Amino acid sequence: RGRVSSNIATLCENAHYYYLKASLTHTLIASYGLLKHMQRLEPRICKYADLRRFHNSAYVEELLRKTAFTKTKNTTNIFLKQNKLNDMLEDAAAASSDDDDNDSVLDTTHTHIEYGLGFDCPSWRGMWEYACTVAGGTMSACAALSKYGAAHHGEQTIIINWTGGWHHAHRDRAAGYCYVNDIVLGILVLRKHFKRVLYIDL
């Protein structure tokens with residue numbers, strides 16, 4: 001029995017290092033007719049509290065802060081209304097300058113070096129939405145795997161998040177093109193139901 005996460009390729013295409021990879025992967029799988037053998041699951045979008053299960057508050061707030069201060073084009077950041085912190089950041093963003101029109105901003109200030117948001121992990125428009133969606137996809141996949149396994153006495157199943165697997169991110173900083181560690185967040189979901197989890201990096 002195969003399961004695959006919902007198509008979030010469009011959002012992931014905004015990541016400078018991931019350009020077209022998600023769409024190409026999805027298109028290739030569809031061209032082989034494999035999607036008809038799979039059940040597509042709609043991922044739950046992560047919230048601030050979800051990311052805090054592994055990442056510390058200072059780093060998650062920095063992700064929010066940089067995204068809030070990045071100009072957007074004709075889009076509404078629906079994730080910035082999740083809590084009081086988000087609301088404050090949204091107000092600050094409204095008062096900021098609109099001169100910068102770059103999709104990706106390489107910030108080498110001390111603050112961003114401290115949190116790893118530079119060089120291989122630069123700040124970019126849609127970074128917060130991307131992180132919440134990718135992490136939410138992996139966590140949703142693990143939750144579905146746990147539910148299915150418990151209901152079917154551990155019967156084998158496969159659940160895939162095409163856009164997941166960002167295991168280099170630290171608890172307090174981005175690293176190696178990874179902004180959030182969706183692998184750890186997913187394992188934490190699995191550990192609620194299983195005593196042991198085997199993680200293999202291929």
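Because the model is predicted, local features need pLDDT of at least 70 and side-chain atom pairs count only at pLDDT 80 or more, while totals for chains, interfaces and linings use all residues. Residues are numbered from 1 along each chain as its sequence is written, and side-chain values use heavy atoms, with hydrogens and water left out.

Buried means under 20% relative accessible area, exposed over 50%, and partly exposed in between (1.4 Å probe, protein chains only). Helices (H or I, at least four residues) and strands (E, at least two) are DSSP runs, numbered from the N terminus. Leu63 touches Leu117, Met127, Trp128, Tyr179 and Val180, leaving aside residues up to four places away in sequence; contact here means heavy atoms within 4.5 Å. In soluble globular proteins, nonpolar side chains tend to be buried together.

Asn56 lies in the loop between α3 and α4. Asn56 counts as buried because its relative accessibility is 18%. The side chain of Asn56 reaches the backbone nitrogen of Tyr59 at 2.9 Å. Asn56 also touches Arg171 and Asp172, again not counting residues up to four places away in sequence.

Turning to charged residues, a search of the whole structure finds two salt bridges, each a side-chain nitrogen of Lys or Arg within 4 Å of a carboxyl oxygen of Asp or Glu. Arg44 pairs with Asp50, the closest N and O atoms being 3.0 Å apart, and Asp50 pairs with Arg53 at 3.7 Å between the closest N and O atoms. Through shared partners, these salt bridges join Arg44, Asp50 and Arg53 into one network. Asp50 is buried, at 7% relative accessibility, whereas Arg44 is partly exposed at 42% and Arg53 is partly exposed at 39%.

Finally, Leu34 is found in the loop between α2 (21–31) and β2 (38–41). With 38% relative accessibility, Leu34 counts as partly exposed.

Technical notes
A polar contact is a pair of N or O atoms within 3.5 Å; within protein, one must be able to donate a hydrogen and the other to accept it, and residues adjacent in sequence count only if both atoms are side-chain atoms.
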